[in-house]
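Open the structure in your viewer and follow along. Each stop says what to select and what is there.

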Amino acid sequence: MKIEVLGSGCSKCKLLAERTEEAAKGLGLAFTLVKVTEYPDIVARGVMTTPGLVVDGILKCQGHVPAVKAIQDFLR
Amino acid sequence: MGMETNGCACSVPTPAPGPGFWKSGGWLLAALPAWVALYLGLKPLADWLAFRVLGLQPGSRLGEAVAFFAYDGPKVLLLLGFVVLGVSFVQTFISPERTRDLLAKRTGAWGNLLAALLGIATPFCSCSAVPLFIGFVRVGVPLGATFSFLVSAPMVNEVALFLLLSLFGWRIALIYTATGVAVAFLSGWIIGRLRMEGHLEPWVMDIPFEASVATGGPSGLPARLAVSVEGVRDIVGKVWIYILLGIAVGAFLHGYVPAEFMVRFMGRSAWWSVPLAVLIGVPLYANAAGIIPIVQVLLAKGAALGTTLAFMMAVTGLSLPESVILRKVMRPSLLAVFLSVVAAGIVLVGFLFNLLM
């Protein structure tokens with residue numbers, strides 16, 4: 001599973017990356033987590049408000065940091 | 001079990017609220033009375049702390065300064081938490097994508113006005129300024145309207161509004177909002193008329209882009225409340241230190257500096273103070289909540305309203321870090337026009353209010 005966290009590196013983006021990692025580990029998934037920090041790459045994925053979460057190429061959420069449980073729902 | 005006589009809900013399994021109720025934000029409802037009690041009890045608590053516990057003399061400079069800080073600090077933080085919670089909740093219903101679609105293809109002055117107004121309510125974080133800017137421009141929101149939004153969103157935000165309202169009353173809050181929207185409207189309109197589309201960095205229009213629909217926001221009451229609580233943690237966690245610092249400075253000045261002290265520097269007769277306040281304010285960056293305690297001090301010590309408003313707008317609306325971020329999407333020429341048009345608008349507002357009030 002490929003997980004991408006989109007954001008230029010503000011505190012919310014870091015929090016989302018941490019929670020996503022926790023969520024994926026909690027589910028025992030095999031995953032790679034990539035932080036997408038360059039603006040062209042973020043924009044190309046259709047995200048207007050960071051942070052964004054993309055799982056296997058599909059945008060799951062943007063503009064806020066969901067709770068770990070909510071992130072696990074995105075990963076299932 | 002005696003559950004009628006014993007009012008404690010923790011010892012009796014009450015069927016009505018249930019664990020789902022607590023999880024979906026019921027604890028917030030339960031916390032409300034505690035919040036109100038704390039808020040109402042702050043003044044006696046602060047006096048007790050300053051004059052009884054610390055043994056300071058009521059009426060003495062130090063005593064009054066400490067009592068002021070012990071009262072005002074928690075008060076502003078409590079208010080801020082409450083306001084941010086409410087606003088974050090409302091904002092879970094407003095997405096930037098919807099704002100963008102409302103503004104797309106809307107040319108002319110109405111587009112600018114609508115953009116400036118939507119900027120008040122749409123959730124916006126300056127770290128998203130670049131993707132948002134590109135998202136707007138690429139779906140056909142006119143450049144001028146995009147700028148109107150970009151000016152109004154950080155400057156006239158809901159947090160500033162509610163804090164102004166609760167600390168200074170509705171008149172100043174209304175004045176700040178109306179003039180903020182006017183500055184955003186005008187500067188966006190001027191930039192639109194200057195036809196500066198060619199002064200964007202080329203990659204903005206060239207990179208592959210896909211307009212997302214309004215997805216990805218929280219849905220359902222528990223998720224919305226969770227996002228709101230997160231908003232409180234995020235904003236209060238970020239600005240509390242500035243607020244307390246501002247109030248500490250305020251408490252000190254409150255007791256030690258005469259009330260007319262700022263008249264000479266920021267009074268109405270010192271016309272040069274308006275452009276100076278803007279010049280000082282632009283490189284400074286503070287969240288709207290962080291600047292308000294300073295504004296409170298300035299006004300209390302005789303600074304003119306127009307000068308103070310101009311300072312506040314310059315600090316929140318224009319900033320060095322944001323300019324560095326925006327430089328990635330616009331050439332220096334456009335950035336310079338943007339900064340000078342907005343700064344000029346703010347100076348104008350300052351003069352206008354010093355003249356009228």
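**Where the chains meet**

Chain A and chain B together bury about 2,000 Å², 62% of it on carbon and sulfur atoms. Buried area here is the accessible area (1.4 Å probe) lost by two parts on being put together, summed over both. This is a predicted model: local features need pLDDT of at least 70, side-chain atom pairs count only at pLDDT 80 or more, and totals for chains, interfaces and linings use all residues. Residues are numbered from 1 along each chain as its sequence is written, chains are lettered from A in the order in which they are written, and side-chain values use heavy atoms, without hydrogens and water.

Show both sides. Here 30 residues of chain B are in contact with 23 residues of chain A (contact: heavy atoms within 4.5 Å).

Select E230(B) and R19(A). They form a salt bridge, with the closest N and O atoms 3.1 Å apart (a side-chain nitrogen of Lys or Arg within 4 Å of a carboxyl oxygen of Asp or Glu).

Go to F147(B). Its contacts include F133(B), M330(B) and F338(B).

**A hairpin in chain A**

Finish at D56(A). This residue has a positive phi of about 50 degrees, in the turn of a hairpin between strands 3 and 4 of chain A. Strands are DSSP runs (E, at least two residues), numbered from the N terminus.

How values were computed. Two strands pair if DSSP finds at least two bridges between them. Helices (H or I, at least four residues) and strands (E, at least two) are DSSP runs, numbered from the N terminus. Lists of a residue's contacts leave out its neighbours within four places in sequence.
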